[in-house]
Amino acid sequence: MPSAASKPGALPQGPCFELTVASDLSNLSRIADFVLQAAVGLGLDEKQAYEVQMATDEACANIIEHAYGLGVAGEIAIRCTLEGDDVVVTIRDRGRPFDPSEVAEPDITCALEERQIGGLGLYFMRKLMDSVEFTCRPEGNTLRMVRRRTR
Amino acid sequence: MTAQAALTASGQALLAPEGRLDALTAPTLERDLRQALTTARGDIVVDMGRVSYISSSGLRVLLVAARLVRQKGRTLRLCCLSPRVAEVFALAGFDMVFPLHSSREEACRAGHLGLPPA
């Protein structure tokens with residue numbers, strides 16, 4: 001079971017689910033279980049929770065494969081909270097900074113042969129969430145994704 | 001996630017991966033698909049019925065495999081997508097580039113008849 005901790009009283013106010021795991025692809029399923037449980041706990045329905053899980057999975061796979069790189073030790077800290085009617089997923093890592101502007105948006109209408117191989121992960125994150133913001137600072141990278149409960 | 005291919009009587013390969021198809025498990029499917037491509041004479045059919053989740057990593061593997069299969073003049077066919085997996089395909093526009101079938105039988109029959117991709 002994922003270690004979902006409820007911390008009433010801490011900032012931000014309200015329920016808060018936190019998980020810190022090693023940067024390893026084998027932790028993706030554990031992250032998925034955690035986010036599903038947290039998202040439902042924060043009031044999302046099953047379909048919305050599945051979509052937040054997917055956005056988080058794409059984000060964490062990027063961190064493991066690209067920010068840290070496969071086989072490089074590091075930690076990923078995930079926090080799910082409620083801000084008003086927004087479910088906010090915050091993901092922190094200390095890997096290489098990520099510049100989303102360097103990722104071209106995939107053309108999802110072209111034929112098999114012309115399909116781009118990359119860029120789909122970020123595309124999914126933006127499609128599934130209401131906002132996706134990357135902040136890179138010397139002390140680490142923060143990804144903040146918001147999903148409104150009603151949309 | 002293991003999906004070693006079974007060969008049908010007409011030389012098509014049938015793979016049935018299970019569980020999450022994410023960045024961890026996608027490379028295993030890629031290996032199994034490449035192997036199926038060398039052993040099968042006909043189309044490759046992937047039964048997605050037991051795949052509970054697919055991420056961009058899983059889609060990438062299917063895309064790469066579909067191109068390899070196409071280069072050999074054959075087709076990669078998918079069947080039995082769960083509603084959740086079908087939604088991801090639609091989101092990526094992958095429902096337009098893969099022949100999707102409702103059952104293994106339909107996919108195998110289409111392959112046997114050499115039908116063009118949908």
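Buried means under 20% relative accessible area, with exposed over 50% and partly exposed in between (1.4 Å probe, protein chains only). Thr56(A) is buried on that scale, at a relative accessible area of 0%. This is a predicted model: local features need pLDDT of at least 70, side-chain atom pairs count only at pLDDT 80 or more, and totals for chains, interfaces and linings use all residues. Residues are numbered from 1 along each chain as its sequence is written, chains are lettered from A and ligands numbered from 1 in the order in which they are written, and side-chain values use heavy atoms, leaving out hydrogens and water.

**Interface between the chains**

- Chain A brings 30 residues to the contact and chain B brings 24, where contact means heavy atoms within 4.5 Å.
- About 2400 Å² is buried between chain B and chain A; buried area is the accessible area (1.4 Å probe) that two parts lose on being put together, summed over both.
- Carbon and sulfur atoms give 61% of that area.
- Arg67(B), Arg84(B) and Leu91(B) supply 26% of what chain B buries against chain A, more than any other three residues.
- Arg67(B) sits in helix α2 of chain B; helices (H or I, at least four residues) and strands (E, at least two) are DSSP runs, numbered from the N terminus.
- Arg67(B) is buried, with a relative accessible area of 18%.
- Not counting residues up to four places away in sequence, Arg67(B) touches Leu112(A), Glu113(A), Glu114(A), Arg115(A), Gln116(A) and Ile117(A).

**Buried sites**

- Thr56(A) lies in helix α2 of chain A.
- A polar atom of the Thr56(A) side chain is 2.8 Å from the backbone oxygen of Val52(A). A polar contact is a pair of N or O atoms within 3.5 Å; within protein, one must be able to donate a hydrogen and the other to accept it, and residues adjacent in sequence count only if both atoms are side-chain atoms.
- Leaving aside neighbours within four places in sequence, Thr56(A) is in contact with Ile31(A), Val35(A), Val89(A), Ile91(A) and Met145(A).
- Asp43(B) is found in the loop between α1 (26–39) and β4 (44–47) of chain B.
- Asp43(B) is buried, at a relative accessible area of 7%.
- The backbone nitrogen of Thr75(B) lies 2.9 Å from a polar atom of the Asp43(B) side chain.
- Beyond four places in sequence, Asp43(B) touches Gln12(B), Ala13(B), Arg74(B), Thr75(B), Arg77(B) and Gly111(B).
- Helix α3(A) is mostly covered, with seven of its nine residues buried.
- Those buried residues are Leu120(A), Gly121(A), Leu122(A), Tyr123(A), Phe124(A), Met125(A) and Leu128(A).
- Their cover includes α2, β4 (131–137) and β5 of chain A, together with α2 and α3 (83–92) of chain B.

**Pockets**

- On a 1 Å grid over the protein atoms alone, a pocket is an open set of points with protein on both sides within 12 Å along at least five of seven lines, whereas a cavity is a set where a 1.4 Å probe fits but cannot get out; lining residues have an atom within 4 Å of a point.
- Grid points are joined across faces, edges and corners, and a volume is the space filled by probe spheres set on the points.
- The largest pocket holds about 440 Å³.
- Of its 27 lining residues, the closest to the centre are Glu58(A), Asn62(A), Ile63(A), His66(A) and Phe98(A).
- α2(A) gives the most to this lining, with eight residues.
- The lining of the largest pocket divides into 13 nonpolar, nine polar and five charged residues. Ala, Val, Leu, Ile, Met, Phe, Trp, Tyr, Cys and Pro count as nonpolar, Asp, Glu, Lys and Arg as charged, and the others, Gly among them, as polar.
- The second largest pocket has a volume of about 210 Å³.
- Its lining has 13 residues, with Arg92(A), Asp93(A), Arg94(A), Glu139(A) and Gly140(A) nearest the centre.
- By class, the second largest pocket is lined by three nonpolar, four polar and six charged residues.

**Cavities**

- Three cavities of 30 Å³ or more are counted.
- The largest cavity has a volume of about 60 Å³.
- Ten residues line the largest cavity, and Leu112(A), Ala66(B), Arg70(B), Thr75(B) and Leu76(B) lie nearest its centre.
- The second largest cavity holds about 40 Å³.
- Its lining is Pro106(A), Asp107(A), Ile108(A), Arg115(A), Gln116(A), Leu120(A) and Phe94(B).
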